[in-house]
Amino acid sequence: MLNVSNAVVRYGAITALHGVSFNVEAGEIVTLLGANGAGKTTTLRMLSGLHAPSEGSITFEGRNITATKAHQFTSLGISHVPEGRRIFPQMTVEENLEMGAFGRRGSFSEDMEKMYATFPILKDRRKQMGGNLSGGEQQMLAIARALMGQPRLLLLDEPSMGLAPMIVETIFRIIGEIRDSGTTVFLVEQNAAQALRLADRGYVMENGRIVFSDSAAKLLTDERVRAVYLGEAV
Amino acid sequence: MGAFGHYLASHFTTLQKEFWYLLVGGVANGFLYGMVAVGYTLVYGVLRLINFAHSEIFMSGGFAGYFLMKALVGTTVPSGLSSIGLIGLGIVAGGLVGALVATALERVAYRPLRKRNAPKLAYLISAIGASYFMFNLAGKEFGRYSVSVPQPYINHAVFHVFGAPVLMYDIIIFVSGLIMLFALDRIVATTKLGRSVRAVAQDAETASLMGVNIDRTIALTFVIGGALGGAAGFLFGLGTGVVYTMGFTPALKAFTAAVLGGIGNLRGAMIGGLLLGIVESLSVVFVQAAYIDVVAFGILVAVLLFRPTGILGERLGRAA
């Protein structure tokens, strides 16, 4: 479905990604692990057009999308839930969801009802300003907003960041449901244990390179992963 | 009662006598300031920069109206429906040319800087350069003297409020200003187009992730702000005449109004405009008319010193 090969991303003189290659197949949850500054967020930003790679290529469903601009990604079928949620603070919950459907034509009220069914709290809060929601509510809104674009591939950047464990459970359960309903998920997460329990496969990133990859089950028991990302003494 | 008390008392007597008369003129000016101020605030909202060439958009609208009236108004002053039609045409012409000039300005003076991630100071210098270029070009092409616009209507007192005459000119400004500002407010608050402008103002990058074309949205805010500024230029020129420097003072006052209301806040700009128009007009009771500009800019300094976020002090992002 998604194929990245030898992608290089530079910020001025700094090279953030040194020739990264990976792929995501339809129906999978694939997770990208790594420490702060490893290049995880840069990878996601590259996958939604916020930073075009200076070398390498990205194909999505057989189309070359290397030079596609950020605002064209939702209509391709890729939606991005950004790091820190990035809710429009001075728009209501409803308007935030409408923004998610910005690239669509025609009525989307049915999808709106579907989101309210999945996230009942958003229905209760629908006339409230996005900025007044709690962190967990904002994360749900950010996911619902991305789903309003009817993506076939959903990119999630640190959905558990700063949330209470119980809410993290809920968010991960919902990510599982999203995959079960047919949307492919690419998940960047610091919470490696939780991400690997949910994912099918994982990639591990260090200093702008993918250092190894395997099935999630194997990564969970991999010594290197356990030592560095699961914080366990080996 | 001391000397100062006498001073105040005598001036308040004048204020009582002249209040309604000054209020009518102040509100009319206030609508014009508001129409120009929203242009500053819209552009500030999406770009975080003050478009100091907005004065020339105002001027271009004035000249567009002038040439159109010169072409259409004959030797006899029109009346009735033909007056309304001509004024409508003048507003449309001013608005169109204002939008066109604003678009050109964005393309030539701002977009190249944005593509290069230039510092804010570069925008300011670019704006000043564009402004000087445009008003000097107008001076060269259209002459250096103020000319009056052929009047497409008879400016009589239509009715009186507490003895103060309300002129046809005032009513034209009230009605057209009210329609345009109300329409703008509704567009920004309720339409998809308005939502895209607010989204870019709140978080441009996330807006682009939602599928909003940022370049197009920025261009759009210039078009909207330019249209209202150009239309205001026509209405101003209709009463005061047009000259290549006509934009400078009114636009600077409109900028004051935008700061007064809270820069980036759409309704703030409208309220700030009205307030500034009224305060400025009433102030002639206390200071000589020659000092009227001092009052407006005194307000600017005071707002910046004591409440830099303005009266409403919020951002364009807000719908209501």
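Reply: In this predicted model, helix H8 of chain B runs over residues 248-261. Its 14 residues reach 20 Å from the first C-alpha to the last, close to the 20 Å expected at 1.5 Å a residue. Eleven of the 14 residues of H8(B) are buried, so the helix is largely enclosed by the rest of the structure. Among the buried residues are B:Pro250 and B:Ala251, and also B:Lys253, B:Phe255 and B:Thr256; B:Val259, B:Leu260 and B:Gly261 are buried too. Just after H8(B), B:Gly262 has a positive phi of about 110°.

As for the partner chain, 21 residues of chain B are in contact with 21 residues of chain A. The two chains bury about 2,100 Å² between them, with 58% of that area on carbon and sulfur atoms. B:Arg195, B:Leu209 and B:Met210 supply 34% of the area that chain B buries against chain A, more than any other three residues.

Five salt bridges are counted between chain B and chain A. One of the salt bridges joins B:Glu205 to A:Arg86, with the closest N and O atoms 3.4 Å apart. Eight residue pairs across the interface are in polar contact. Helix H6 (residues 192-209) of chain B gives the most to the side of chain B that touches chain A, with twelve residues. That side of chain B divides into seven nonpolar, seven polar and seven charged residues.

Note on methods:
Residues are numbered from 1 along each chain as its sequence is written. Chains are lettered from A and ligands numbered from 1 in the order in which they are written. This is a predicted model: local features need pLDDT of at least 70, side-chain atom pairs count only at pLDDT 80 or more; totals for chains, interfaces and linings use all residues. Side-chain values use heavy atoms; hydrogens and water are left out. Contact means heavy atoms within 4.5 Å. Buried area is the accessible area (1.4 Å probe) that two parts lose on being put together, summed over both. A salt bridge is a side-chain nitrogen of Lys or Arg within 4 Å of a carboxyl oxygen of Asp or Glu. A polar contact is a pair of N or O atoms within 3.5 Å; within protein, one must be able to donate a hydrogen and the other to accept it, and residues adjacent in sequence count only if both atoms are side-chain atoms. Helices (H or I, at least four residues) and strands (E, at least two) are DSSP runs, numbered from the N terminus. Ala, Val, Leu, Ile, Met, Phe, Trp, Tyr, Cys and Pro count as nonpolar, Asp, Glu, Lys and Arg as charged, and the others, Gly among them, as polar. The expected span of a helix is 1.5 Å times one less than its number of residues. Buried means under 20% relative accessible area, exposed over 50%, partly exposed in between (1.4 Å probe, protein chains only).
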